[in-house]
Amino acid sequence: MRTIVIQGGTDGMGRALALDYLRRGEQVVIVGRNAEKGQALLETARETGAGDRAAFLRADLSLVAENERILGEIKDRFPVVDALVLCARHYSSIRRETSEGFERTFALFYLSRFLLSHGLVGELEKAEHPVIVNVAGPGTPMGRVHWDDFNLARDYDPLEALNQGGKTNDLLGVSFAERHAAGRIRYVLINPGSVSTSFSGDYDPATAAQIEMMKKFGKPVEQGIVPIAALVDSPPAESLTAFMEAEPLSLRHRSFDRDDAARLHAATEKMLAR
Ligand SMILES: NC(=O)c1ccc[n+]([C@@H]2O[C@H](COP(=O)([O-])OP(=O)(O)OC[C@H]3O[C@@H](n4cnc5c(N)ncnc54)[C@H](OP(=O)(O)O)[C@@H]3O)[C@@H](O)[C@H]2O)c1
């Protein structure tokens with residue numbers, strides 16, 4: 001039995017993956033902020049006879065302290081982690097800062113993934129075929145890293161905040177693979193394409209209307225998770241790979257620049273040390 005940790009597992013693709021792995025007999029650790037949805041998932045697991053293989057850890061992952069607390073809990077309870085699937089994301093039409101002073105999209109979409117990826121290396125290395133699958137936005141031409149203003153304090157745009165998240169996660173993959181090159185963990189970045197999910201977010205009316213259209217025309221979530229589950233089940237041989245749905249992406253793109261990745265890693269360590 002494998003242990004699959006799913007960040008943002010209370011809705012959308014994370015939830016669908018959680019249910020899929022429970023059905024398939026694996027142990028699933030769902031990390032999310034919504035206690036009601038988490039309890040409902042546990043209830044479904046119990047009803048289907050998978051109650052003893054499901055755990056829900058409640059945390060607001062936009063807070064560094066909460067990521068650190070949850071890391072401690074995972075380490076205490078699950079000494080071996082086979083897969084970490086990163087799915088948490090929240091759109092905010094208005095710029096919001098966490099109580100720790102980070103812009104919320106940057107904190108949730110990037111810092112949480114940085115902390116969980118590096119924080120679970122010890123537990124992942126004990127697994128047979130360990131893999132981290134970071135579900136984000138590799139391969140999109142949009143967005144850039146705002147080196148002098150990660151928190152978009154000067155000029156917040158909600159789409160740019162998400163797009164920067166895609167770019168910072170690409171660089172997280174590159175620096176993770178370089179730092180753990182001697183290890184066995186495979187780092188996979190995947191863009192699932194357009195999938196009809198909950199699209200967690202606080203939307204202004206115009207954006208809310210667009211989201212309704214995306215829910216209408218996106219693929220069903222069960223279809224959206226197919227390439228993600230395939231990568232969890234059979235991790236690629238290379239230490240870092242990127243996919244657009246099931247199609248491999250070239251890592252020669254400047255999104256995966258090694259110098260930028262090292263620069264971002266150093267900047268992230270510095271901001272987390274504050
Ligand atoms: N859907 C698409 O078309 C699409 C396209 C490209 C890329 N992606 C990427 O795929 C990944 C999964 O997307 P999705 O559409 O399946 O997501 P989703 O339905 O919007 O679900 C996001 C999950 O993140 C959780 N979350 C939000 N804020 C959180 C917080 N502060 N702490 C902990 N958990 C939090 C949500 O919890 P709640 O249950 O409490 O809301 C939910 O479980 C995302 O990284 C996204 O960028 C999606």
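Visitor: What makes strand 2 and strand 3 a pair?

Guide: In this predicted model, strand 2 (residues 27-32) and strand 3 run parallel and are joined by 5 bridges. Pairing asks for at least two bridges, so they count as paired. One spot to look at is Ile 30, which stands opposite Phe 56 in strand 3.

Visitor: Why is the β-α-β crossover from strand 2 to strand 3 called right-handed?

Guide: The chain goes from strand 2 through helix 2 (residues 35-47) to strand 3. With the strands pointing away from you, a path over the helix that runs clockwise is right-handed, and this crossover is of that kind.

Visitor: What makes strand 3 (54-58) an edge strand?

Guide: Strand 3 pairs on one side only, and strand 10 (247-248) does likewise. The open sheet has 8 strands in the order 3-2-1-4-6-7-9-10, with mixed pairing.

Visitor: How do you know in which sense strand 4 and strand 6 pair?

Guide: Strand 4 (residues 83-86) and strand 6 (residues 131-135) share 4 bridges in the parallel sense. The cut-off is at least two bridges, so this is a pair. Here Leu 86 stands opposite Asn 134 in strand 6.

Visitor: Which residues have the most contacts inside the largest nonpolar core?

Guide: They are Val 31, Ile 74, Leu 111, Ile 132 and Tyr 187, in a core of 45 residues. Helix 4 (residues 104-119) gives the largest share, 8 residues.

How values were computed. Residues numbered from 1 in each chain as written. Predicted model: local features only at pLDDT ≥ 70, side-chain atom pairs only at ≥ 80, totals over all residues. Heavy atoms only, no water. Core = buried A, V, L, I, M, F, W, Y, C linked by side-chain atoms within 4.5 Å. Buried < 20%, exposed > 50% of the residue type's maximum accessible area, 1.4 Å probe, protein only.
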